[in-house]
Amino acid sequence: NEIDKLTCVRLPQALFSLQVDHARGLHYPLINQLRLAFRPKGDLVAQEIQVAWSQATQLLLILGTLIEYPGLDWKLIPLTDCAKLIYRKEIFNLAPGDCRSLMAWNALLDQVVKHALLLVGGVDCNRSGNSSQTKHHHHASNNKCSTTRKPNSSTSNLPPFSSSPTMIGNTELARLDNMDHFGWSEVIHKMASNLLWLSNRASDLAAAQVSSMSHCVV
């Protein structure tokens, strides 16, 4: 009975509630009821954005650990006042309106998603893909994998949006202006959608591992 109950626990969903409006994509993605956004607007203040990105960074850190992502060059520091990503010696502060940090966050998310795809299948590594446009993006992807939907693949086995270290969907991040609020909001929606997919895949993997251990115990 204890083993059966363990297999029903969905980690990390038990700790992080991530909600994305897949139908319209008009609302802010929510993580633990905090809005993930580009910069303050209306009643959305900078402090809520910073805490939301801290929660998202914690989630990404846990997901990478669950699927054993070997990202030795990356370090994540999910401080509540301002989460930080460190790539080798480069520091990226996830402050509202910081395009450079969001590009780094997307690059890391892309690599963790690619690692998850290697576990579930459905990844197409195109070594002649687009070259990286920034130094840390170049080093983050050794094989420049690009996710594509295969004709016979289940859509649940693939993230909602294709990505690369410098792109998500059909959006090239380096071409977005830092005043393009709508463009960056769209990018954040896509990143949150892929993060949710990653969370579900990691939860499936964790449940399968618990189930496997239970059979060994029996």
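## The sheet β4-β5-β6

In this predicted model, three strands form an open sheet in the order β4-β5-β6, and their pairing is antiparallel; strands are taken as DSSP runs of E of at least two residues, and helices as runs of H or I of at least four, both numbered from the N terminus, while two strands pair if DSSP finds at least two bridges between them. Strands β4 and β6 stand at the edges with a single partner strand each, so one side of each is left without a neighbour in the sheet. From one strand to the next the twist averages 15°, where axes are lines fitted to C-alpha atoms (for helices over the stretch in contact) and angles run from 0 to 180 degrees between N-to-C directions.

Strand β4 (residues 74-77) is paired with strand β5 (residues 84-87) over four antiparallel bridges, and W74 has Y87 in β5 as its bridge partner.

Most residues other than glycine have a negative phi. R88 is partly exposed, with a relative accessible area of 46%; buried means under 20% relative accessible area, exposed over 50%, and partly exposed in between, computed with a 1.4 Å probe on protein chains only.

Q33 is another residue other than glycine with a positive phi, near 65°. Its place is the loop between β2 (30-31) and β3 (34-35), and Q33 is exposed, with a relative accessible area of 53%.

Helix α3 (residues 99-120) has 22 residues and reaches 31 Å from its first C-alpha to its last, close to the 32 Å expected at 1.5 Å a residue; the expected span is 1.5 Å times one less than the number of residues. Of the 22 residues of α3, 18 are buried, so the helix is largely enclosed by the rest of the structure. The N-terminal end of α3 is capped by D98, a side-chain oxygen of which lies 3.2 Å from the backbone nitrogen of R100. Such a polar contact is a pair of N or O atoms within 3.5 Å; within protein, one must be able to donate a hydrogen and the other to accept it, and residues adjacent in sequence count only if both atoms are side-chain atoms.

The axes of helix α2 (residues 46-66) and α3 come within 11 Å and cross at roughly 25°. The two helices are therefore roughly parallel to each other, a class that covers angles under 35 degrees, with over 145 counted as roughly antiparallel, 65 to 115 as roughly perpendicular and the rest as oblique. The crossing of α2 and α3 is left-handed, meaning that the near helix is turned anticlockwise from the far one by less than a right angle, whereas clockwise would be right-handed.

## The sheet β7-β8-β9

A further open sheet of three strands has the order β7-β8-β9 with antiparallel pairing. Its edges are β7 (163-164) and β9 (171-172), each with a single partner strand, so one side of each is left without a neighbour in the sheet. Strand β8 (residues 167-168) and β9 run antiparallel and are joined by two bridges, with I168 standing opposite T171 in β9.

## Basis of the values

Residues are numbered from 1 along each chain as its sequence is written, and side-chain values use heavy atoms, with hydrogens and water left out. As this is a predicted model, local features need pLDDT of at least 70 and side-chain atom pairs count only at pLDDT 80 or more, while totals for chains, interfaces and linings use all residues.
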